[in-house]
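Could you walk me through this structure, a piece at a time? I'm new to it and would like a plain, friendly tour.

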Amino acid sequence: MICDNLAVNQKGHLTFCGHDTLALAKQYGTPLYVMDEDRIRENCRRYVQAMKEHFGPEALPLYASKAASFKRIYQIVKEEGLGVDVVSPGEIYTAALAGFPLEKAYFHSNNKTDEDIAFAMDHKVGYFVVDCQEELDAIEKEAASRGLRQKVLLRLTPGIDPHTYEAVNTGMVDSKFGSAIETGQAAQITQHCLGLPHVELMGFHCHIGSQVFDADTFVRSSEIMLTFIAQIQVRFGYLARELNLGGGFGVRYTQEDPFLDVDQEIARLARAMEEKANQMGIPMPQVRMEPGRSIVADAGLTLYTAGSVKKIPGYKNYVSIDGGMTDNPRFALYGSAYTVYNAGKMNDPVALTADVVGRCCESGDIIQKNVSLPATVRGDIVAVLTTGAYNYSMASNYNRLCRPALVMVTKDRSYVAVERESLAYLTQNDV
Ligand SMILES: *Cc1c(COP(=O)(O)O)cnc(C)c1O
């Protein structure tokens with residue numbers, strides 16, 4: 001199994017966090033998002049412990065809540081002591097409703113509107129991660145009108161390609177996010193920021209990418225950032241207190257994906273950073289990391305009911321499910337790999353290779369191609385694993401489909417965290 005919260009019971013059914021997935025499908029209906037609360041907590045604790053042990057007590061992981069954003073998740077993350085990263089008024093509002101202490105929230109986004117900025121200040125969001133100089137000026141203006149001093153970090157692009165580990169002069173420098181170190185804009189915006197009376201520069205941020213499986217990429221980007229911090233200290237006499245290295249640690253979607261030991265990778269990163277900081281003659285900044293996927297992905301799976309099974313002799317086979325790109329657009333968007341099972345026939349021999357496809361009127365509405373399945377018939381329960389990140393949060397109502405319910409499970413109970421949408425909900429804004 002790709003994650004240890006999965007198993008097969010005596011009936012040959014897939015279990016998740018000890019629950020029979022067929023029983024969950026029967027009780028709550030399909031399509032159904034299921035999330036393992038125990039696993040989310042374990043993932044949170046792994047980051048908190050590793051960061052505090054290797055970076056010191058001031059270090060803090062921030063949950064990147066765009067991966068999965070609903071009230072209950074902010075409560076869990078709050079209880080586990082993480083901060084959060086939010087990217088919109090909707091995420092801020094949801095976190096606020098959940099009672100999350102927003103002084104521990106970091107507001108991201110490459111385009112915060114004037115309304116967004118005002119909204120975040122109304123809600124006393126602790127930190128703004130500033131994308132560019134124009135936005136910085138808008139934040140200064142709003143903070144000035146309120147007579148407050150807003151804490152900010154500047155988002156920089158270190159110019160790293162996460163998939164080659166190489167610093168590149170182009171490519172990532174031309175990202176739509178952040179200000180580039182390479183072009184001198186990062187130093188420029190820092191100098192500008194230090195002259196503004198209503199913002200307090202706390203430090204710098206970078207985020208290099210996703211599905212990163214070892215610390216090498218983080219080591220490279222942290223070295224570039226520490227070098228920048230040292231140069232800024234020499235040039236402007238400003239010493240950054242915080243360094244936020246973003247998110248991106250990878251998860252296992254399939255058997256081919258490697259295991260990642262968060263504690264070991266963070267330990268390795270911390271050693272490399274201390275060495276670099278020493279070499280540059282600066283104290284180690286307080287480190288922040290922003291895991292999203294690696295907090296929630298393996299804590300989720302999606303259950304569907306199979307519908308038509310279509311065989312086109314000499315071509316291919318299709319198994320249709322009662323959801324699709326509306327609840328999981330990631331194959332359609334990026335060709336993402338997923339592990340798919342017939343959840344009630346885990347011990348049956350493979351009898352069919354099929355594309356598992358959704359119910360939307362789009363040929364690209366595919367969950368996964370060429371899936372090996374046992375003999376699968378209408379009414380069988382299909383499980384797609386590792387869907388806890390970027391599935392619910394990317395879901396849509398395309399084809400006027402209702403978004404599924406989201407059920408949380410722990411070792412000894414299950415409960416609804418997000419209700420299934422109703423037809424009435426779908427039309428409630430129609431005038
Ligand atoms: C998306 C994002 C993250 C989280 O990335 P994961 O790959 O889910 O860990 C963190 N920080 C920023 C700025 C992001 O945009």
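Helices (H or I, at least four residues) and strands (E, at least two) are DSSP runs, numbered from the N terminus. This is a predicted model, in which local features need pLDDT of at least 70 and side-chain atom pairs count only at pLDDT 80 or more, while totals for chains, interfaces and linings use all residues. Residues are numbered from 1 along each chain as its sequence is written, and side-chain values use heavy atoms, leaving out hydrogens and water.

Let's start with strand E16, residues 300–312, which is where you'll find Thr 302. Its relative accessible area is 0%, so Thr 302 is buried (under 20% relative accessible area; over 50% is exposed, in between partly exposed, with a 1.4 Å probe and protein chains only). What does the side chain of Thr 302 make a polar contact with? It pairs with the side chain of Thr 387, at 2.8 Å. A polar contact here is a pair of N or O atoms within 3.5 Å; within protein, one must be able to donate a hydrogen and the other to accept it, and residues adjacent in sequence count only if both atoms are side-chain atoms. Skipping residues up to four places away in sequence, Thr 302 also touches others, including Leu 32, Tyr 33 and Asp 327; contact means heavy atoms within 4.5 Å.

Now hop over to Glu 37, in helix H2. Glu 37 has 6% relative accessibility, so it counts as buried. Its side chain makes a polar contact with the side chain of Tyr 415, at 2.6 Å. Beyond its neighbours within four places in sequence, the contacts of Glu 37 include Arg 72, Ile 76 and Met 408.

Helix H2 (37–55) turns up again when we look at helix H9: the buried residues of H9 pack against H2, helix H8 (216–236), strand E14 (242–244) and strand E15 (286–289). Among those buried residues are Ile 266, Leu 269, Ala 270 and Met 273. An α-helix has 3.6 residues a turn, so residues three or four places apart point the same way.

How far apart are the end C-alpha atoms of H9? They are 27 Å apart, which agrees with the 27 Å that its 19 residues (262–280) should span at 1.5 Å a residue; the expected span is 1.5 Å times one less than the number of residues. At the start of H9, a side-chain oxygen of Asp 261 comes to within 3.2 Å of the backbone nitrogen of Asp 263. Just after H9, Gly 281 has a positive phi of about 70°.
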